[in-house]
Amino acid sequence: GLNLTRGYAGQISLAQAAFIGIGAYVSALMTLAGWHWLVTVPCAVALTFVIGLAVGFPALRVKGHFLAFVTLAFSAIAVLVLRNEEWLTGGVYGLSNMPRPDFGFFDASKRSVVMGISMTPTTKMYYVCLAVFLVFSALMYGVIRSPWGRAFKGLRENPIRAESLGVDTRRLTLLAFAIGSAYGGLAGALVTPLVQFIEPGSFGLVHSLRILLMVVVGGAGFFFGPFVGAAVVILMPEFLRFTEGY
């Protein structure tokens, strides 16, 4: 999602972790209230899409570092609200014990044997995340290969020329933010049943910078860039643990 906003539309956002947090809390509150996880996912995606539209409006007037400051301010406000609204979000104590999805034939909350293979709940959640990842990666690939994707690239390279060719730069800028934000909400809906504990500090600026680092290291504007960047940023510290004593 951030690769679409940054790599294809050329807009800097430091609020991706905040969108993940919003999606996570929407999913957590709904599942704790008895809603099925499959219902909470579109709700989290829809809400973050709408909020992304609202946050995207400043992108129509500011760019570059100024836009980064706008999204940084939004991220700080979002975390502050999540921390202070204890009656809803649990404040600094967060929310816990969110149920994992049960699809009937595939209950991710229990250990069971699937096709002759013994699976733990954590292993099942891995396959749930993998399935969602593949489906929404394919959707993103379709967006990038569509006329919208080509227009996003034109917006990144030369907005004035793109507008002279009839591209609605205002609409595309808002769409880039909204779609990228919606993918953040989807990630939050996955975090909730996977970790089963969320608190506001998990969605601060440091995590937005980490996600941005994944996009930049892997190659912003390339479809497989974030995948490579995520592998590097996540796995490299594990490989370098032997250096802690130095």
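Predicted model: local features only at pLDDT ≥ 70, side-chain atom pairs only at ≥ 80, totals over all residues.
**Exercise 1. T71**

Solution: 
- Step 1. Locate T71. It lies in helix α4.
- Step 2. Look at the polar side-chain atoms. One polar atom of the T71 side chain is 2.8 Å from the backbone oxygen of A68.

**Exercise 2. T40**

Task: Find which helix holds T40, and which backbone oxygen lies 2.8 Å from a polar atom of its side chain.

Solution: 
- Step 1. T40 is in helix α3.
- Step 2. Read the accessibility. At 0%, T40 counts as buried.
- Step 3. Find the oxygen. The backbone oxygen of W37 lies 2.8 Å from a polar atom of the T40 side chain.
- Step 4. Skip residues up to four places away in sequence. T40 then touches S27, M30, T31 and W35.

**Exercise 3. α2 against α3**

Task: Describe how α2 and α3 pack: at what angle, and how far apart are their axes?

Solution: 
- Step 1. Two packed helices are described by the angle between their axes and the distance between the axes.
- Step 2. Apply them. The angle between α2 and α3 is about 145°, and their axes are 9 Å apart.
- Step 3. The crossing of α2 and α3 is right-handed.
- Step 4. Name the residues. From α2, the contact uses F19, I22, G23, V26, S27, M30 and T31. The α3 side includes W37, T40, A44 and V55.
- Step 5. Sort by class. This contact of α2 with α3 has eleven nonpolar, six polar and no charged residues.

**Exercise 4. α3 against α9**

Task: Work out how α3 and α9 cross, and which residues meet there.

Solution: 
- Step 1. Take the axes. Those of α3 and α9 come within 7 Å and cross at roughly 145°.
- Step 2. The crossing of α3 with α9 is right-handed.
- Step 3. Pick out residues. On α3, they include W37, A44, T48 and G52. On α9, they include F177, A189, L190 and P193.
- Step 4. Count by class. The α3 and α9 contact has 16 nonpolar, five polar and no charged residues.

**Exercise 5. The largest nonpolar core**

Task: Which residues of the largest nonpolar core touch the most other members?

Solution: 
- Step 1. Go to the core. It has 23 residues, and W37 and F74 touch the most other members.
- Step 2. Trace the elements. Those giving two or more residues to this core are α2, α3, α4, α6 and α9.
- Step 3. Find the top contributor. α2 gives the most, with five residues.
- Step 4. Follow W37 beyond its neighbours within four places in sequence. It is in contact with S27, T31, P101, F103, V128, V132, A189, L190 and P193.
- Step 5. Look for another core. A second, separate core has 15 residues, among them Y25, A68, I211 and V215.

**Exercise 6. G229**

Task: How far apart are G229 and V217, in sequence and in space?

Solution: 
- Step 1. Locate G229. It is found in helix α11, residues 225-239.
- Step 2. Classify it. With 0% relative accessibility, G229 counts as buried.
- Step 3. Compare positions. G229 and V217 are twelve residues apart in sequence, yet 5.1 Å apart from C-alpha to C-alpha.
- Step 4. List the contacts. Not counting residues up to four places away in sequence, G229 touches M214, V217 and G218.

Note on methods
Residues numbered from 1 in each chain as written. Heavy atoms only, no water. Core = buried A, V, L, I, M, F, W, Y, C linked by side-chain atoms within 4.5 Å. Buried < 20%, exposed > 50% of the residue type's maximum accessible area, 1.4 Å probe, protein only. Helix = DSSP H or I, 4+ residues; strand = E, 2+ residues; numbered from the N terminus. Contact = heavy atoms within 4.5 Å. Axes fitted to C-alpha atoms, helices over the stretch in contact; angles between N-to-C directions. Left-handed = near helix turned anticlockwise from the far one by under 90°. Nonpolar A, V, L, I, M, F, W, Y, C, P; charged D, E, K, R; others polar. Polar contact = N/O pair within 3.5 Å; in protein donor to acceptor, adjacent residues only side chain to side chain.
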